Amino acid sequence: MSLKARSSRRSRRFEGRPVPDPLPGDSQRVRGAAPEGATDAESASRAVREMFTSIAPRYDLLNHLLSANIDKLWWRRTARSFRHILSREGARVLDLCCGTGDMAFALRKQGSAATITGADFSHAMLVRARAKTSAGSPIAWIESDALRLPFPDATFDLVTLAFGFRNLADYDAGLEEIFRVLRPGGECGILDFSEPGGIVGKVYNVYFKSVLPRIGKLISGNNGAYAYLPASVKRFPSPAQLIERMAKTGFEESSWTPYTFGIAGLFRGKKVPRNVPSLSIRDVSSR
Ligand SMILES: C[S@@+](CC[C@H](N)C(=O)[O-])C[C@H]1O[C@@H](n2cnc3c(N)ncnc32)[C@H](O)[C@@H]1O
């Protein structure tokens, strides 16, 4: 089952105000991530960077342990869905919020002809990504904020984010920046957690909200990071709401495909090329 784009309404922004708590059933109002103690987008962003920097040494171990290695399947499945771009000679690909690089490595495996760049604002995460990079499969790693990318408009054929978009301090600004750096015809893929329903959801919730934060705290030594994870997923817009925000940004053919009972899922969207109306000779001469 996958969800397709629905009609769009005007987005509501919270410029210059403290990050609000979501109203029940109205995560449309959520501007972005809000780790404990954050009062605005800037402090939210700083807290997110400090948190990932502090857990960087244990990040990979905990990722694979807490997901029972299913994270590897999710990265691979995401990369495979963009094989038509990755296999193109000279395709330019950006993996945003790349962390220690596993999404970028999965992309590299699907396309040796593509130029792949990984970007993250945590230096400590990037150091690990670089250390894991093999000489024969080059990936450029750059330290950059996903909300202020150092790339000109229309640079990339594909932009991916794995478990990073949810951590952005402003989701609409993130979508706009992704849209800006995509070439016309380019695509984006946002892989992130979701909240599964039914019996699976109930069982998973016990694990995700009670067991996972305890193991995370024990191994990473960080009190907040693994309590923030379920809280951030709860706060994150539903698939239908994020698709609506993507449509407002300008993405077309947007969809969401659930992975593993909807524990995670892949959002896809396309920057459809626009035909710029050309002036006819008559138009020009009449000016
Ligand atoms: C949960 S990790 C995901 C890492 C990797 N993509 C993966 O799948 O394992 C989230 C990453 O997003 C990065 N991040 C969060 N907000 C960011 C921003 N505004 N700009 C750049 N990186 C950001 C964090 O530093 C962290 O490395």
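Helix axes are lines fitted to C-alpha atoms over the stretch in contact, and angles between N-to-C directions run from 0 to 180 degrees. The model is predicted: local features need pLDDT of at least 70, side-chain atom pairs count only at pLDDT 80 or more, and totals for chains, interfaces and linings use all residues. Residues are numbered from 1 along each chain as its sequence is written. Helices (H or I, at least four residues) and strands (E, at least two) are DSSP runs, numbered from the N terminus.

**Helix α1 and helix α7**
- The axes of α1 and α7 (residues 198-220) come within 10 Å and cross at roughly 140°.
- The crossing of α1 past α7 is right-handed.
- On the α1 side, the contact (C-beta atoms, placed from the backbone, within 7 Å) is made by Ile55, Arg58, Leu61, Leu62 and Leu66.
- On the α7 side, Leu212, Ile215, Gly216, Ile219 and Ser220 take part.
- By class, this contact has 7 nonpolar, 2 polar and 1 charged residues.

**Strand pairs**
- Strands β3 (residues 115-120) and β4 (residues 140-143) run parallel and are joined by 4 bridges (DSSP must find at least two for strands to pair).
- Opposite Ile142 in β4 stands Ala119.
- Between β3 and β4 the chain passes through helix α5 (residues 123-132), in a right-handed β-α-β crossover.
- Strands β7 (residues 252-259) and β8 (residues 264-270) pair in the antiparallel sense over 6 bridges.
- Glu252 stands opposite Lys270 in β8.
- The hairpin of β7 and β8 has 4 residues between the strands, and Thr260 there takes a positive phi near 50°.

Notes. Left-handed = near helix turned anticlockwise from the far one by under 90°. Contact = placed C-beta atoms within 7 Å. Nonpolar A, V, L, I, M, F, W, Y, C, P; charged D, E, K, R; others polar. Right-handed = clockwise from strand over helix to strand, strands pointing away.
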